[in-house]
Amino acid sequence: MKNAHWVNDVDEEAAFWRSWFKEERFADARDERRAFLRSEFPIGFGRAVGAAPGELLRALDVGSGPISTLRTRAMENPVELVCTDALADVYNALLDEHGYDELPRVLKLKGEALSTQLKESSFHYVHIANALDHCEDPSRTLAEMYRVCRPAGLIEVVSVQNEGERQQYHGLHQWNLEADDAGLWLWRPSARQNLLEALGGHAHSWRYLDYLAEGGARVFQVSIRKARPSTVPT
């Protein structure tokens, strides 16, 4: 299912980030994001996503914005962080303009087209935060995330619950996401789809995170473990 408003509303997203880099009210957020990016994944994270000790842990942040919410270090593994976003040209220009020389630059790539530039089954960890419901085609984006994830690797989706309803379907907020034991649901009043049904072999779990979004909305995380080839149904 596609977000028909996507092309017209990406300018609003770019305008927000231009303000985020320039305005004093975002100074603490900028410092926190910058510091977090340089921090370490928890001990054992590499093994949890299928990377052996000492192996290069490849992480992909889809719809990363200008500064990823992922980390770039791990005690037991070297880390390669790849960030992708359809608005990469805008974000890289902002990073250059404001002197964020040490941060990774963003690859211009829509979530729906990950495998056109990224090798299939090449990332241990594939992540998207507060961006899946903004995509032009969320179902295809999740399928592409699954495609580039390694067998036994981990895909994580973090989202505000039912953001379309909260934002009254303004701008990029044309869909709602919610999770339960049966799956990850993309919906609006006219349609509803379990995004996990189109994936290959996997196991999933979900939970609410221990913080709330602006306005008290709940935030959830869905973890999807890609099956090894021998366990994928034929």
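Why does Ser-121 count as partly exposed? Ser-121 counts as partly exposed because its relative accessibility is 35%; the class lies between buried (under 20% relative accessible area) and exposed (over 50%), with a 1.4 Å probe and protein chains only.

This is a predicted model, in which local features need pLDDT of at least 70 and side-chain atom pairs count only at pLDDT 80 or more, while totals for chains, interfaces and linings use all residues. Residues are numbered from 1 along each chain as its sequence is written, and side-chain values use heavy atoms, leaving out hydrogens and water.

**View 1. Ser-121 in its loop.** Ser-121 sits between helix H5 (114-117) and strand S4 (123-129). Helices (H or I, at least four residues) and strands (E, at least two) are DSSP runs, numbered from the N terminus. Although Ser-121 is not a glycine, its phi is positive, about 55 degrees.

**View 2. Asn-162 in its loop.** The loop that holds Asn-162 runs between strand S5 (149-160) and helix H7 (163-166). Asn-162, also not a glycine, has a positive phi near 55 degrees. With 15% relative accessibility, Asn-162 counts as buried.

**View 3. Aromatic pairs.** The structure holds ten aromatic pairs, counted for rings of Phe, Tyr and Trp (its six-membered ring) with centres within 6.5 Å; planes under 30 degrees apart are stacked, over 60 edge-to-face and the rest tilted. Trp-20 and Phe-21 are edge-to-face, because their planes stand at 80 degrees, with ring centres 5.2 Å apart. Both residues, Trp-20 and Phe-21, are buried. Phe-41 and Phe-45 are stacked, at 4.3 Å centre to centre and 5 degrees between the planes. Phe-41 and Phe-45 are buried.
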